[in-house]
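Have the sequence and the 3D view open as you read.

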Amino acid sequence: VVEQKTIPLMNLHQALGQDFIGQVETGAFYLPVYAAIGLSLLLFHNVYAAIEILAFGHLLAAAIGIYLLLRRRRATHLLSILGGWLWITFPFINNLSRVWITTSYMAAYIPFIWLLFERLMEKQTWGRALPLVVVEILFFLQGHVQNFMEIVVIEILYFALIIFYFKEGYHAVVKKMRWCGLALVLVFFATLPLIGPGWSAKQNSLFRANRLPLQELLANRVQVMDFWQAQSLQFESPFRHPELYTLHFGIVGIVLFGVLIHRSIRYRYFKFKFNRMYIALALSSLLLTGVLYIVFYFVPVLNAMRWPIKYYYFFLFFALISLIALCQTIIKVRRVRGPILALLIFMLAVNMLIVWNNRESSFANWNMEVPPRLGIMENVGRDGRIALYNIPKEAGMYRAASFNYATLFDRFQLTAYDPLIAKLNVTEIGRLFSLWGVFEGPITKGWLEHLSQWSVRYIITAATPANREE
């Protein structure tokens, strides 16, 4: 895209060729990616700093978004700044941004979308609807459709709460829903050139064409014991994906909500409806990270999107806004500014310590070294496809040759990591297909003939042949 100044329809580097533009997940039209690549080339004369620049830029925007939202809620400058720092130092946000760049996207867009959504809910005008439409279009273009759908689910949850819990007037709710629906319709038509091919890619895919099995849909959900262990800094547990420390919010923050037992603070805090709404949304989001996610098993489209833990973004977001609002209330009612600021700074320090101590965690270590060390791949893979055989995940070669790195390094590889990989491609690759890119088992003549049929010229392995024939 950058070197040839064109966006290809197909990516021929992986999995026998697959959609590029038509596969929404590529984020081919997300302009910040190209800005990050340009900065990387300008500053470092290569593209390998682009991900760091993207993550840094989005996390900076995330902190600014939280600051603006809190200021709109009349929080002080200092509390708003601390809120922004807490948001981007939560391990779930900070550490996972190293692994999934879309985590930093989510962190950046949630505050801005919610700020604009709140403005529209307060007063329904085109001047407030159109900025929300523009930001949501930009968010859709980042590529990870599940993130966008989660935002829509939270908006629906908001309406469910104002109807059934807050019992707002019928006409007021209908007017708000009409304007929110209108905004989503505008987003739909603006992104329809991508939605159409994206839907086709989904329907032709092996893994996402139909409803996921229930066990896979509910994989990586947050359980009660996991949550409480993470708050009390007890991170020693069997390996989970992602690791337990990412669930840390802070026991100090949770205990601080205990001051609501004081009548004066509780009255002042809940006098504002949005405080009650944020707590309700935080608790609802936390429930969605667990078994409540099962409701999506019966909802088309959503039942092809796995991992309840992805709603943890929203628990952290609404819990943080609720906490800062509570701190503001305590300061006004009890005049204890110093101790409250000290507790928030302590929470921030704990967050940063956890992030630092887990910067080389096993999950984050899946990242490739920068600059990359390609080893034997320096000289192979341009004039024929590569197949990986018996390479352990700990090996540096595995990082450089697996997943979709072949595309980055202008090599050609037999497989690819792609949840939307077409069923036809997997069928043609046959039993040698692996999302992780590494084949195992005995090497046979038929195995080699199949590889040759698909122009595989190189087999890269860390294994020692078991016998002379092999």
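In which sense do strand 3 and strand 4 pair, and over how many bridges? They run parallel, and the pairing covers 2 bridges. Keep in mind that this is a predicted model.

## Strand 3 and its partners

Strand 4 is the stretch 438-439, and its Phe439 sits opposite Tyr389 of strand 3. Strand 3 also pairs with strand 5 (residues 456-461), again in the parallel sense, this time over 5 bridges. In that pairing, Ile386 faces Tyr458 of strand 5.

Buried here means under 20% relative accessible area.

That goes for both faces of the strand. Arg385, Ala387 and Tyr389 are buried on one side, while Ile386 and Leu388 are buried on the other.

Now over to the second largest pocket, which holds about 300 Å³ of space. Its lining is made up of 15 residues, and those nearest the centre are Arg73, Arg74, Phe272, Phe274 and Gln328. Helix 2 (50-72), helix 13 (273-288) and helix 14 (312-334) are the elements that each give two or more residues to this lining.

Helix 14 contributes the most, with 6 residues. By side-chain class, the lining splits into 7 nonpolar, 3 polar and 5 charged residues.

Conventions. Residues are numbered from 1 along each chain as its sequence is written. This is a predicted model: local features need pLDDT of at least 70, side-chain atom pairs count only at pLDDT 80 or more; totals for chains, interfaces and linings use all residues. Side-chain values use heavy atoms; hydrogens and water are left out. Buried means under 20% relative accessible area, exposed over 50%, partly exposed in between (1.4 Å probe, protein chains only). Helices (H or I, at least four residues) and strands (E, at least two) are DSSP runs, numbered from the N terminus. Two strands pair if DSSP finds at least two bridges between them. On a 1 Å grid over the protein atoms alone, a cavity is a set of points where a 1.4 Å probe fits but cannot get out, and a pocket is an open set with protein on both sides within 12 Å along at least five of seven lines; lining residues have an atom within 4 Å of a point. Grid points are joined across faces, edges and corners, and a volume is the space filled by probe spheres set on the points. Ala, Val, Leu, Ile, Met, Phe, Trp, Tyr, Cys and Pro count as nonpolar, Asp, Glu, Lys and Arg as charged, and the others, Gly among them, as polar.
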